[in-house]
Amino acid sequence: IRGGGEYGPKWHQAALREKRQNAFDDLYAVASKLVQDGVTSHDRLGVRGGSNGGLLVGNALVQRPELWGAIVCSVPLLDMKRYSHLLAGASWMAEYGNPDTEDW
């Protein structure tokens with residue numbers, strides 16, 4: 001999500017931690033544009049994500065359910081208050097912050 005380096009590190013960093021909503025809004029903008037341009041309809045539009053992409057589509061289900069005809073959320077990272085205690089959790093702390101601190 002906002003990785004790959006196509007738009008540089010500033011673009012990626014603009015969707016980290018407390019700015020993560022920007023990454024979700026990117027998805028909603030693309031979905032809306034596809035419908036607006038007549039490529040598809042909301043009823044026929046689906047989205048699928050796993051792991052970190054599961055967090056993306058999990059938010060899509062909660063925040064913008066009207067955009068989708070179907071959502072597949074596989075092995076999602078959804079427990080943002082306890083993720084740091086998972087085996088791979090420490091590797092995600094730069095992306096999401098430390099939920100065990102007062103300022104989180």
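Select Glu 95: this residue is buried, with a relative accessible area of 19%. Here buried means under 20% relative accessible area, exposed over 50%, and partly exposed in between, for a 1.4 Å probe with protein chains only. The model on display is predicted, so local features need pLDDT of at least 70 and side-chain atom pairs count only at pLDDT 80 or more, while totals for chains, interfaces and linings use all residues. Residues are numbered from 1 along each chain as its sequence is written, and side-chain values use heavy atoms, with hydrogens and water left out.

**Confidence**

Colour the chain by pLDDT, the predictor's confidence in each residue, from 0 to 100. The chain averages 92, and 100% of the residues score at least 70. Confidence is lowest in α4, with a mean of 86, and highest in α2, at 97. Helices (H or I, at least four residues) and strands (E, at least two) are DSSP runs, numbered from the N terminus.

**Salt bridges**

Glu 95 lies in helix α4 and Arg 20 in the loop between α1 and α2, so the pair ties together parts that are 75 residues apart in sequence. Arg 20 counts as buried, at 6% relative accessibility. A salt bridge is a side-chain nitrogen of Lys or Arg within 4 Å of a carboxyl oxygen of Asp or Glu. Side chains of opposite charge can pair when their charged atoms come close.

How many salt bridges does the structure hold? There are 5.

Select next Arg 2 and Asp 26, one of these pairs, in which the closest N and O atoms are 2.6 Å apart. The pair links distant parts of the chain: Arg 2 is in the segment before α1 (8-13) and Asp 26 is in helix α2, 24 residues apart. Arg 2 counts as buried at 14% relative accessibility, whereas Asp 26, at 27%, counts as partly exposed.

Then move to Arg 64 and Glu 66, whose salt bridge brings the closest N and O atoms to 2.5 Å. Arg 64 is partly exposed, with a relative accessible area of 28%, and Glu 66 is also partly exposed, at 45%.

Is Asn 59 buried or exposed? Asn 59 is buried, with a relative accessible area of 18%. Leaving aside neighbours within four places in sequence, Asn 59 is in contact (heavy atoms within 4.5 Å) with Phe 24, Tyr 28 and Arg 64.

Proceed to Ser 84, in the loop between β2 (70-76) and α4 (93-96). Ser 84 counts as buried, at 14% relative accessibility. Not counting residues up to four places away in sequence, Ser 84 touches Gly 89, Ala 90, Met 93, Pro 99 and Asp 100. With the side chain of Asp 100, the Ser 84 side chain makes a polar contact of 3.2 Å.

**An exposed residue**

Finish at Val 39, in the loop between α2 (21-36) and β1 (46-51). Val 39 is exposed, with a relative accessible area of 59%.

Key: Polar contact = N/O pair within 3.5 Å; in protein donor to acceptor, adjacent residues only side chain to side chain.
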